[in-house]
Amino acid sequence: MGDVAEKEMDNPMFRSDTVLSDVHLHCPSQRHLMVRLNAVGQPVFLSCFKLLWSTEDLASGKHMRETTTGREHQCRSGDDLCDEGRSDIKKKEEINSEGIEALLDDDGDLEVVRRPQSASDLQAEDLLRDIVCPVILMKGKEDAFEDEEQECTCSDIVKIEHTMATPLEDVGKQVWRAAFLLADYILFKRDTFMSCSVLELGGGTGITSIIMGTVAKRVYCTDVGEDLLAMCKQNVALNKHLMEPGGGEIKVKELDWLKDEFCTDPEAPYSWSEEEIADLLDHCSVIMAADVFYDDDLTDALFRTLYRITHNMRNSCTVYLALEKRLNFTLRHMDVTCEAYSHFRNTLNDLENLQNGKIKYTVEPIKLDFCQFLVYERIEQL
């Protein structure tokens with residue numbers, strides 16, 4: 001009986017089509033506490049992602065102003081916080097990079113060090129401590145989780161429950177880099193989103209909606225799947241301290257791109273009321289989505305949903321899309337291609353060229369030279 005249960009539990013974690021987000025690998029010194037198994041037997045972790053500036057500092061009037069000199073982009077917030085943040089990130093990446101290379105064996109495999117080796121100075125010891133992360137901790141003592149909670153409840157920490165590896169259909173339960181990129185942009189352009197009503201499509205763990213909730217008046221964070229939406233709602237609750245100063249509200253709702261209507265079944269746990277649908281269509285001015293363009297059918301469905309919703313909105317709306325271009329070798333092309341991104345661009349062009357007397361779409365790229373507020377690797381594929 002035990003063996004059968006063990007095999008059943010292993011299935012979701014070790015299938016051949018498992019997809020792994022590497023965001024947690026770029027968060028040195030962050031603790032990842034396994035807090036539970038979800039309804040399908042996947043381990044759920046709690047990660048604390050540190051903001052380089054607290055939401056209190058940002059809300060208190062330390063606004064960013066942008067200055068560009070040649071190729072160098074600088075952002076100032078009273079005392080050059082942005083430059084200092086970039087410098088810290090660069091130093092940390094350089095240190096980590098050197099340390100990882102030093103730990104590779106002859107075959108190029110990573111030899112994981114479980115505890116710091118002897119070091120001649122504190123900097124070397126800190127380096128070795130960084131390399132061993134992420135540390136996945138099992139809950140042992142009764143107060144282990146409480147200690148973690150106390151550490152994380154402050155204005156510069158975002159707490160997220162997530163998985164680390166899932167089948168393709170459950171990738172929304174992981175944290176992805178494009179969500180951090182979009183979160184950076186929201187924090188950098190706080191004034192743009194102040195007091196807005198916002199819709200997020202494919203919100204996943206909810207991290208981008210949570211950041212938006214520190215600025216906006218109301219955020220509808222949507223996805224599909226009761227297990228995922230429950231995780232998202234839990235994350236919103238974990239971060240309510242970030243939204244309280246600005247009075248922001250996040251509502252977790254089901255929105256299935258493969259269906260033509262909002263779910264209004266009162267028996268469904270994340271359904272919409274008629275008042276909420278009316279509020280969305282009457283007041284929403286921002287729609288956002290991060291890292292949702294990985295499957296052509298879902299991309300088509302998302303654009304159909306975008307068209308349906310914006311077509312029924314009372315006011316004009318700005319849609320922010322963030323994604324990571326993922327290169328893969330395909331037998332069809334016998335080359336490294338990025339088919340999902342190509343399909344996204346083609347569909348986006350179709351939307352822009354749509355001939356409709358009532359509504360018109362225009363597309364503008366955003367330069368990625370704005371400040372970085374979260375510690376992650378802003379790679380060129382973003």
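Strand S3 and strand S7 (residues 157-162) pair in the antiparallel sense over 6 bridges, where strands are DSSP runs of E of at least two residues, numbered from the N terminus, and pairing requires at least two DSSP bridges between the two strands. Within this pairing, Leu46 has Glu161 of S7 as its bridge partner. Of the 8 residues of S3 (residues 43-50), 7 are buried, so the strand is largely enclosed by the rest of the structure; buried denotes under 20% relative accessible area with a 1.4 Å probe, protein chains only.

The model is predicted, and local features therefore need pLDDT of at least 70 and side-chain atom pairs pLDDT 80 or more, whereas totals for chains, interfaces and linings use all residues. Residues are numbered from 1 along each chain as its sequence is written, and side-chain values use heavy atoms, with hydrogens and water left out.

The protein has 13 helices and 15 strands, helices being DSSP runs of H or I of at least four residues. Buried residues account for 46% of its 382 residues.

Among contacts (heavy atoms within 4.5 Å) between residues at least 6 apart in sequence, 71% join residues at least 24 apart.

Definitions and conventions. Buried means under 20% relative accessible area, exposed over 50%, partly exposed in between (1.4 Å probe, protein chains only).
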